[in-house]
Amino acid sequence: MATLTLSNPEDRDAVTNAGDVEQVMATLIRLANDYRGRAGYEGRVAELDAAMDAVDTVTAADLNELTTHVRTGASR
């Protein structure tokens with residue numbers, strides 16, 4: 001699994017304190033929308049968008065793994 005680190009400490013703290021996956025995604029969306037369209041924040045928005053993509057990818061991969069686990073009856 002890839003690791004993505006947010007460079008801005010305030011963004012990082014907000015995501016760290018968010019809780020479950022849904023709250024993390026909501027926090028990333030809120031932060032990106034707060035910065036989107038503001039001059040000088042393009043890099044920060046791109047980083048937050050990449051983080052959202054990473055969360056989606058991990059969530060999808062985890063769901064596929066869980067589905068396989070349930071279908072096969074395999075134990076971890």
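**Before selecting anything**

The structure is a predicted model, in which local features require pLDDT of at least 70 and side-chain atom pairs count only at pLDDT 80 or more, while totals for chains, interfaces and linings use all residues. Residues are numbered from 1 along each chain as its sequence is written, and side-chain values use heavy atoms, with hydrogens and water left out.

**Stop 1: the whole chain**

Display the chain as a cartoon. Three helices and zero strands are present, where helices (H or I, at least four residues) and strands (E, at least two) are DSSP runs numbered from the N terminus. From the N terminus on, the order of elements is α-α-α.

Orient the view along the principal axes; the C-alpha atoms fill a box of roughly 50 × 20 × 20 Å. The radius of gyration of the chain is 15 Å, whereas a compact globule of 76 residues would have one near 11 Å. That radius is taken over C-alpha atoms, and the globule rule is 2.2 Å times the number of residues to the power 0.38.

Of the 76 residues, 25% count as buried. Here buried means under 20% relative accessible area, exposed means over 50%, and partly exposed lies in between (1.4 Å probe, protein chains only).

Among contacts between residues at least 6 apart in sequence, 42% join residues at least 24 apart; a contact means heavy atoms within 4.5 Å.

**Stop 2: helix α2**

Select residues 21-35, which form α2.

Now show the side chains of V24, M25, T27, L28, L31, A32 and Y35, which are buried in α2. Look down the helix axis: these buried residues fall within an arc of 160°, so they line one face of the helix. The arc is that of the directions from the helix axis to the C-beta atoms. The cover over the buried residues of α2 includes α1 (9-16) and α3.

Which residues does T27 contact, leaving aside its neighbours within four places in sequence? They are A14, V15 and A18. T27 itself is buried, with a relative accessible area of 12%.

**Stop 3: the nonpolar core**

Select L6, V15, V24, L28 and L48. These have the most contacts inside the largest nonpolar core, which has 14 residues. Such a core is a set of buried Ala, Val, Leu, Ile, Met, Phe, Trp, Tyr and Cys residues joined through side-chain atoms within 4.5 Å. The elements giving two or more residues to this core are α2 and α3 (42-72), and α2 gives the most, with six residues.

Centre on L28. Not counting residues up to four places away in sequence, L28 touches L6, V15, L48, A51, M52 and V55. In soluble globular proteins, nonpolar side chains tend to be buried together.

**Stop 4: helix α3**

Select residues 42-72, the run of α3. At 1.5 Å a residue its 31 residues should span 45 Å, which agrees with the 45 Å between its end C-alpha atoms. Show R44, V45, E47, L48, A51, M52 and V55, which are buried in this helix. The buried residues of α3 pack against α1 and α2.

Then select three further residues of α3:

- D62, in α3, is partly exposed at 43% relative accessible area; its C-alpha atom lies 16 Å from that of G73, eleven residues away in sequence.
- E65, also in α3, is partly exposed at 41%; its C-alpha atom and that of N33, 32 residues apart along the chain, are separated by 31 Å.
- T68, again in α3, is partly exposed at 47%; T68 and A26 are 42 residues apart in sequence and 28 Å apart, C-alpha to C-alpha.

Finish at G73, which follows α3 and has a positive phi near 75°.

Conventions
Expected span 1.5 Å × (residues − 1).
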